[in-house]
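Hello,

Here is the structure I promised to pass on.

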Amino acid sequence: MDQDAEAILEHETSLGLRVWQLMFICLGSVLAVVVMLCCCIRFRIPRTKQDIEADYRRKRLTRKFRERLDCMNNTEIDEMDLLKALDRVRQQCLVEAQKSSRNEVVVNFEYHDGDVFKSA
């Protein structure tokens, strides 16, 4: 049996290579492609549902923070570090939250005050 397997591996192909050489080249090239893909593309499989949700929240938060930073002037950003930028974005969010809460109060007041809604 060993002689048959050895004879098959030592058989010369049409390319002038032996079968074992051709198998080595094919397996080596597949391994090289896998290694290159793993190096170029970051594969990370989250372990739990909480990890997946935390990654999603982190990406969403980062996207919102990036949008806020894009609204600022370049000269302001040049003078800022991360903590100052966070404080600035926090202030903008608080101002917007206060505006939206005022708008909700005004809208609710208009709904309750109008005669159209009393007859409806």
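Which residues are linked with Glu12 in a network of salt bridges? Glu10 and Arg18 are, so the three form one network, a salt bridge being a side-chain nitrogen of Lys or Arg within 4 Å of a carboxyl oxygen of Asp or Glu. Within it, Arg18 and Glu12 pair at 3.9 Å, N to O. Arg18 is partly exposed, with a relative accessible area of 32%, and Glu12 is partly exposed too, at 48% (buried is under 20% relative accessible area, exposed over 50%, partly exposed in between, with a 1.4 Å probe and protein chains only).

Before you read on: this is a predicted model, where local features need pLDDT of at least 70 and side-chain atom pairs count only at pLDDT 80 or more, while totals for chains, interfaces and linings use all residues. Residues are numbered from 1 along each chain as its sequence is written, and side-chain values use heavy atoms, with hydrogens and water left out.

The count of salt bridges comes to six. Among them is Glu53 with Arg57, at 3.7 Å; both lie in helix α3 (residues 49–71), four residues apart, about one turn of the helix. Helices here are DSSP runs (H or I, at least four residues), numbered from the N terminus. Asp87 and Arg90 pair at 3.0 Å, and they sit three residues apart in helix α5 (residues 82–113).

As for disulfides (cysteine sulfur atoms within 2.5 Å), the search of the whole structure finds zero. Cys71 is exposed at 65%, and Cys93 is partly exposed at 32%.

Best wishes

Key. Helices (H or I, at least four residues) and strands (E, at least two) are DSSP runs, numbered from the N terminus.
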